[in-house]
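Visitor: I am new to this structure and would like a close look at one part of it. Please start with one chain and go on from there to its neighbour.
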Amino acid sequence: MLPKQLLETLQAQIANAEHPRELAVDVMLSLQQHYGYLSDEALEEGARLLGMTPLEMEELATFYDFIYREPVGKFVIHVCDGVVCWMNGYESVMGYLCKKLGIEPGETTKDGLFTILPTACIGYCDLSPAMLINGRPHGPLTAEKIDHILNRLRTEPPPVRMAR
Amino acid sequence: MYPQVLFQNRKPNRIATIDEYRQSGGYEALATALQKYSPKEVQQIVVDANLQGRGGAGFPAGLKWKAVADDFPFPRYIISNIDEYEPGTFKDRVMTHTDPHMIIEGMILAGYAVLASQGMVFVRPSYESSAVIFERELKIAREAGYLGKNILGSNFSFDIVVHRSGGRYICGEGTAQINAIQGKRPYPVQSPVRSTEKGLWDKPTVLNNMETLVNVPHVVRHGAEWFKGLAKTKSSSGTKLYCVSGKVNRPGCFELPMGIRLSEIIDEYGGGMLPGHQFKTCLPGGASTLYLPKKYYDVEMDFDSVKKVGNRLGTGAIIVFDQKTCLVGATLNLIEFFVRESCGWCTPCREALPFIRDLLWRIENGEGQEEFIPMLRRMSQHTWKSYCAFAPGATMPVTSLLDHFMDEVQEHISQKKCPFKG
């Protein structure tokens, strides 16, 4: 069940919208932020709020890169594998991250902190090789910089801003 | 240093405030337009200025607005795309972090030109900071009377909202973007009726690239002739936000005259090639343009001139490759991107792109055969039968690899390995 406050916020947003379906992605992002990922339960709740069928919402959820239909870690690392990052060392960045965290792309660390996902060009080609962690860009990446970022994330919770 | 119009308020590490924008003449064009010009006159100024759409196709913005006929219904919409999933492109991000009110004013003027009542800014997830900036600055613009009912005491009412995307390349395609906003799976739509007649919620909808819109206030304020004079070549006008990335010393986004030579952009503004690296080729306008042979290193970077050398200006995002970078590997990476980003709706795109990927993968990994080359060409041809421009764009690096860098492909096949890997 959604907490009362989140439910009321979403209901108010939807009531104000001329076309509620316009908010489909916003609703999914809000639910995802609450549950950590878009669980089946969250998907059904979102669909109900918007007057859509769960299947219609599933069609959207599975289309988008930043909607997670499976559990993810507290920090989702989107490593850019666009051509500029590829040219500037994507493979070693990805290799180093996987080695440091002991997981493969698409997996989550046992402590539930980190998930690594390869991602289409994120638009930070001037900071290449680059990655996003919970929406925040980092680059140009080196082994030292990655160590520093991971250590910081392990010790202090940064502001998480994926939805409004 | 060339005149800075769009980046005139650019500051290191800070966004220009509404006051700074106003001090530089911001929102004057809006006040003038609402007092003195009819929507038709605003359209005409932009047509006369030859403002070509900056999203890649170069279609004149004024003509797009004119396609919204008087008898088309209301409400009408303006959508601006800050999605730019095109690899190598990051100008919209830099612009929103430079002077957001310039975008807002441009969008209001576009709204006035077609009598729209709502504008929508479509933002990708990796640009969440742009979305946050927009929401904050839209509120400020609303409080200042530039948005909302009866703007600056006129009869014109207009507002802008931010639409967050879930993130997918195909959302940059106009009709797919409309589907995305409507909460439908963002497939492109083929329709005999243009979006300017029946778009968002079946109402007239104009889609303009953000960079197109930021030019509008300046065109309205200073006139068509001034705007044309900014460009270096006759057939183009205005300045352009060129993004430079890859093996250069200073990757970044630079505002330079339209039609400036590629060599000047890379050598002067991109800081030249990295030490020990030589220019091999570049993609002049993002991933769905063609590798540019070195003999065109001096090409004038505007829509017509780049077209004349058989290429596309696209988004003006210049991705620079050096002599040590394997172009078969680069093309494989690009095709991987397009395979993953294909919406999968139509057969030529869904089937041909993975086929091409497989052939390139084999060539790169020492399993290439001569007969793959005609197969690559044939498969690339098939994509022209696809539903939207995505797949033909995806094959541009492939065909230009075969046209201009066949030696490299042949070396892979004859040596049974990638010659760039030790």
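Visitor: What percentage of the 164 residues in chain A do buried residues make up?

Guide: Buried residues make up 43% of the 164 residues in chain A. A residue counts as buried if 20 or more other C-beta atoms lie within 10 Å of its own, as exposed if 12 or fewer do, and as partly exposed in between, with the C-beta atoms placed from the backbone. The model is predicted: local features need pLDDT of at least 70 and side-chain atom pairs count only at pLDDT 80 or more, while totals for chains, interfaces and linings use all residues. Residues are numbered from 1 along each chain as its sequence is written, and chains are lettered from A and ligands numbered from 1 in the order in which they are written.

Chain A has seven helices and four strands. Helices here are DSSP runs of H or I with at least four residues, strands are runs of E with at least two, and both are numbered from the N terminus. Read from that end, the elements of chain A follow the order α-α-α-α-β-α-α-β-β-β-α. Along the principal axes, the C-alpha atoms of chain A fill a box of roughly 50 × 30 × 25 Å.

Chain A is divided into domain 1 (4–61) and domain 2 (75–155), with bounds that come from an automatic or database domain assignment. The centres of the two domains, taken over C-alpha atoms, are separated by 29 Å. Of the contacts in chain A between residues at least 6 apart in sequence, 57% join residues at least 24 apart; a contact means that the C-beta atoms of two residues, placed from the backbone, lie within 7 Å.

The strands of chain A come next. An open sheet of four strands has the order β2-β1-β3-β4 in chain A, with mixed pairing. Two strands are taken to pair if DSSP finds at least two bridges between them. At the edges are β2 (114–119) and β4 (136–138) of chain A, each of which pairs on one side only. From one strand to the next, the twist averages 25 degrees. Strand β1 (residues 75–80) of chain A and strand β3 (residues 131–133) of chain A run antiparallel and are joined by three bridges. In one of these places, Leu132(A) of β3(A) is the bridge partner of His78(A). Helix α6 (residues 90–101) of chain A lies across β1 and β2 of chain A and runs at about 155 degrees to β1(A). Axes are lines fitted to C-alpha atoms, for helices over the stretch in contact, and angles between N-to-C directions run from 0 to 180 degrees.

Now the neighbour. 39 residues of chain B are in contact with 31 residues of chain A. On the side of chain B that touches chain A, at least two residues each come from β5 (239–246), β6 (252–257), β8 (317–322) and α13 (327–341) of chain B. The largest share, six residues, is supplied by α13(B). By type, the residues of this side of chain B are 18 nonpolar, 13 polar and eight charged. Ala, Val, Leu, Ile, Met, Phe, Trp, Tyr, Cys and Pro count as nonpolar, Asp, Glu, Lys and Arg as charged, and the others, Gly among them, as polar.

One of the elements on that side, β5(B), is mostly covered, with eight of its eight residues buried. In a regular strand the side chains alternate between the two faces of the sheet. In β5(B), Thr239(B), Leu241(B), Cys243(B) and Ser245(B) point one way, while Lys240(B), Tyr242(B), Val244(B) and Gly246(B) point the other way.

β5(B) has two partners to note here. β5(B) and β6(B) run antiparallel and are joined by six bridges, and a hairpin of five residues leads from β5(B) to β6(B). Opposite Val244(B) stands Gly252(B) in β6(B). With β8(B), β5(B) pairs in the parallel sense over four bridges, and Cys243(B) stands opposite Ala317(B) in β8(B).

A last stop in chain B is Ala224(B), which is in helix α10 (residues 224–229) of chain B. Ala224(B) is partly exposed, because 19 other C-beta atoms lie within 10 Å. Leaving aside residues up to four places away in sequence, Ala224(B) touches Ile45(B), Asp48(B), Ala49(B) and Val219(B).
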